[in-house]
Amino acid sequence: MARTPAKSPAAAKPKADPIPNRERPGEPDRYKASKEELLEFYRQMTLIRRFEERAGQLYGLGLIGGFCHLYIGQEAVAVGLQSALNNDTDSVITGYRDHGHMLAYGIDPKLIMAELTGRQAGISKGKGGSMHMFSVEHKFYGGHGIVGAQVSLGTGLAFKHKYANDGGVCLAYFGDGAANQGQVYESMNMAELWKLPIIFVIENNGYAMGTAVGRSSSEDQLYRRGESFRVPGMQVDGMDVLAVRGAIEEALKWVRAGKGPIVMELKTYRYRGHSMSDPAKYRTREEVQAMKDSSDCIDHAKRELEAMGVSEGDLKKIDKDIRQIVAEAADFAEQSPEPNPEELYTDVLVGTY
Amino acid sequence: MAIELKMPALSPTMEEGTLAKWLVKEGDAVKSGDILAEIETDKATMEFEAVDEGTIAQILVPEGTDGVKVGAPIAMLAAEGEDASAAKPAPKAEEPKEEAPKEEAKPAVPDATTPHQMETAARQLVADVAAAEKAGVDARDPEIPEGTEMVKTTVREALRDAMAEEMRADDRVFVMGEEVAQYQGAYKVTQGLLDEFGDRRVIDTPITEYGFAGVGTGAAMAGLRPIVEFMTFNFAMQAIDHIINSAAKTNYMSGGQMRAPIVFRGPNGAAARVGAQHSQNYGPWYASVPGLIVIAPYSAADAKGLLKAAIRSEDPVVFLENELLYGQSFPVPKLDDFVLPIGKARIAKEGKDVTLVSYSIGVGVALEAAVKLAEEGIDAEVIDLRTLRPLDTETVLKSLAKTNRLVVVEEGWPTCSIASEISAVVMEQGFDDLDAPVLRVTNVDVPLPYAANLEKLALIKADDVVTAAKKVCYKA
């Protein structure tokens with residue numbers, strides 16, 4: 001976490017400033033969840049897992065089209081982070097792997113699944129699809145298909161929080177691939193200059209599509225990416241929901257105190273391919289299996305709940321309820337009608353001219 | 001309570017695949033997320049995962065089986081607590097319609113639907129291309145010498161071959177882009193190039209379009225011959241500044257001293273259900289920029305001959321491919337060095353009653369419309385523009401002088417389109433030849449919707465071309 005000295009031309013400033021003097025966010029502690037809180041995290045993560053498995057199945061059945069990027073493996077990130085937000089004031093924006101973030105908000109799985117099948121009842125009336133989902137009501141601003149675009153947009157959301165002095169913080173998620181896009185750094189610079197309330201959340205799942213982080217990033221410790229803009233960073237075990245929650249508590253303290261943006265790198269892993277059509281030849285099955293066996297966020301929470309005295313029966317009951325919710329969402333998404341043909345022409349412009 | 005596991009569709013257009021490998025055997029207990037099998041198509045290998053928990057009761061399709069239809073039962077899963085031996089297999093593994101014994105469907109699994117192909121208007125576009133090719137209406141290029149052997153080649157292979165040939169011939173040529181090397185191309189267009197040319201010349205970039213478009217342009221200014229692949233041209237919008245401000249204007253601004261011989265290539269236009277941000281035709285955008293060459297081929301032969309010409313050109317070229325055409329096969333001449341001229345349209349089908357002008361996948365739609373029009377006694381001429389800038393107005397005007405009627409078919413928005421440009425050119429230079437106003441058949445003027453039914457309404461259709469052609473012939 002120590003800052004590395006700024007690399008400035010030797011002639012200009014031979015000695016970089018002694019960085020340790022600069023204030024840093026505190027070292028996060030693992031969150032001490034009550035049994036009820038951890039049960040809720042478990043429930044949300046399991047809901048995302050089962051929802052995504054079902055989405056994958058519906059894709060295989062031909063009911064979901066286009067691109068479909070599943071969140072399986074990464075559940076602890078969205079659940080841990082979003083559990084700490086103030087839903088009345090804080091905003092969230094992400095890229096195209098967005099189903100989990102919406103579910104973590106408690107948005108009705110039926111509306112999300114119906115968007116995936118392209119139906120009128122979907123959250124974007126069937127016009128957006130998997131990559132383009134939004135819920136302004138929940139301050140969830142999408143759902144963006146162009147790698148990195150959401151980072152600048154999120155900085156704009158943070159600009160609004162500061163401008164209106166509404167006390168809100170923006171959580172802008174992006175992946176290790178997007179972390180190399182230029183606009184990310186243009187945004188970080190402005191965010192620090194203007195002390196905008198934004199958390200840059202890098203969901204580092206190790207692979208930008210088929211390219212491992214080490215093959216695309218000269219600095220692969222992505223939490224350091226803000227340092228040259230004086231944006232501090234923290235690296236977090238993204239497979240442990242309580243570590244994630246603990247880390248964002250510190251991050252929020254920093255940002256809410258008006259100290260400007262912060263970078264959080266969540267080390268996570270996606271079990272499935274980049275999208276449904278990814279052959280995933282760039283990693284071994286053993287690697288994927290080892291992550292599932294040793295680091296699964298749901299298994300992890302389950303063991304901890306059992307240690308807290310939650311019976312296997314109680315967990316099975318939750319699992320069963322979730323299967324029911326997901327089955328109903330899938331059913332709803334299949335049965336709902338397609339959009340009215342007139343919808344083709346609606347929402348292009350707001351006004352009439 | 002047995003659950004039938006069915007052959008899934010791994011991509012929107014998949015009809016059948018190979019069951020390459022089973023990773024479980026009969027009697028194995030499986031749970032959600034376990035990988036059961038590997039399935040292959042011509043494009044990809046995919047893992048087939050379990051969604052439900054249970055025990056593999058029977059494997060119905062042995063590994064190594066080719067041509068397994070989407071929806072065919074491939075195994076039986078006995079649900080939790082059920083005796084695996086009690087799970088009866090479906091009577092026939094080949095027929096997806098056969099109902100397996102599902103006496104008491106598990107309430108949590110209501111969707112025992114048979115997999116079917118995803119609904120998408122893209123399939124109709126592809127079908128038009130395939131039908132036109134099958135009907136043999138597409139005339140052969142006069143550039144190809146009489147008697148040349150023709151080899152059925154996909155557009156994907158033709159593009160790869162063009163790059164490989166030019167790379168063999170000229171060490172200055174290299175390819176860079178996202179997933180072009182180790183992954184063999186996001187759409188497999190660069191397949192095999194890394195193996196042959198190594199990582200000095202086939203270069204994986206980070207996801208940094210603006211950066212690598214600039215790096216490529218700089219390398220071109222310094223004398224190399226870069227081919228920059230965009231995963232799709234939608235992502236090239238991140239890089240459009242370098243394409244236009246850096247590459248297109250260099251030669252002019254330097255008074256002819258400094259050139260930018262670079263090819264920007266990748267898929268353009270609508271694909272299957274990928275929604276508004278991934279479905280745009282940039283033909284008209286780039287074609288409006290002086291200093292650029294813009295090519296948008298339809299057939300595999302044109303893709304090959306024109307990409308080779310583009311790589312050799314001293315000017316920056318925007319080379320617009322089409323994802324839906326990648327898998328389509330066309331005859332390609334078997335010649336050592338097949339290069340086509342830039343800026344020349346091709347008469348894809350001769351006719352005398354009406355001229356249909358198009359480019360890229362729109363040519364397939366226009367050819368299919370020509371087949372339908374022939375059934376109604378209208379003999380349509382189809383022109384494939386191939387190059388959008390510079391536009392071969394001569395070929396268009398010559399055809400108009402013959403037919404006196406013209407319809408432009410464009411898979412893209414109508415406003416400020418290639419169709420608009422053709423209309424203007426025809427009015428300015430061919431006014432006296434016109435017996436009817438020029439009509440435009442284009443996509444609907446909205447961002448492309450995701451929903452299957454709306455997508456169908458938004459994209460061009462051969463029937464709309466037929467209607468327009470009849471209208472200009474006053475036979476509506």
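## First stop: a sheet in chain B

Start by selecting S1(B) and strand S8 (residues 73-79) of chain B: four bridges join the two, and the strands run antiparallel. What you're looking at is a predicted model. Zoom in on Glu4(B), and you'll find that its bridge partner in S8(B) is Met76(B).

Which way do they point? Ile3(B) and Leu5(B) go one way, while Glu4(B) and Lys6(B) go the other. Buried or exposed? All of these are buried.

S6(B) runs antiparallel to S8(B), with five bridges joining them.

Which strands stand at the edges?

## Over to chain A: a parallel sheet

Next, color the strands of chain A. Five of them make an open sheet in the order S1-S2-S3-S7-S6, and here the pairing is parallel. At the edges are strand S1 (91-93) and strand S6 (233-237) of chain A, each pairing on one side only. Look along the sheet for its twist, which averages 20 degrees from one strand to the next.

Click on Asn204(A), and across from it in S7(A) you'll find Lys267(A).

Then show helix H8 (residues 241-256) of chain A. What does H8(A) lie across? The answer is S3, S6 and S7 of chain A, and the helix runs at about 175 degrees to S7(A).

## Two helices that pack

For the next stop, select helix H1 (residues 35-60) and helix H2 (residues 75-82) of chain A. Two packed helices are described by the angle between their axes and the distance between the axes. Here the angle is about 140 degrees, and the axes are 9 Å apart. Why call H1(A) oblique to H2(A)? Because of that angle: only above 145 degrees would a pair count as roughly antiparallel. The crossing of H1(A) past H2(A) is right-handed.

Show the side chains where they touch. From H1(A) come Phe41(A), Gln44(A), Met45(A), Ile48(A) and Arg49(A), and they meet Glu75(A), Ala76(A) and Val79(A) in H2(A). That contact is made up of five nonpolar residues, one polar and two charged.

## Where the chains meet

Display both chains together. How many residues are in contact? There are 50 in chain A and 49 in chain B. On the chain A side, the elements giving two or more residues are H1, helix H7 (213-216) and helix H11 (312-335). H11(A) gives the largest share, six residues. The chain A side divides into 19 nonpolar, 22 polar and nine charged residues.

Most residues other than glycine have a negative phi, and most peptide bonds are trans.

- Look for Gly143(A) in the loop between helix H4 (109-116) and helix H5 (149-163) of chain A.
- **Arg389(B) and Pro390(B):** another cis peptide bond joins this pair, with omega about 0 degrees. Pro390(B) lies in the loop between strand S20 (387-389) and helix H10 (393-403) of chain B.
- **Met209(A):** phi is positive, near 55 degrees. You'll find Met209(A) in the loop between strand S4 (207-208) and strand S5 (211-212) of chain A. Met209(A) counts as buried because it has 21 C-beta neighbours inside 10 Å.
- **Tyr474(B):** phi is near 55 degrees, a positive value. Tyr474(B) is in the segment after helix H13 (462-472) of chain B. With 9 other C-beta atoms within 10 Å, Tyr474(B) is exposed.

How values were computed:
Residues numbered from 1 in each chain as written. Chains lettered and ligands numbered in written order. Predicted model: local features only at pLDDT ≥ 70, side-chain atom pairs only at ≥ 80, totals over all residues. Axes fitted to C-alpha atoms, helices over the stretch in contact; angles between N-to-C directions. Parallel < 35°, antiparallel > 145°, perpendicular 65-115°, else oblique. Left-handed = near helix turned anticlockwise from the far one by under 90°. Contact = placed C-beta atoms within 7 Å. Nonpolar A, V, L, I, M, F, W, Y, C, P; charged D, E, K, R; others polar. Pairing = 2+ DSSP bridges. Buried ≥ 20, exposed ≤ 12 C-beta atoms within 10 Å, placed from the backbone.
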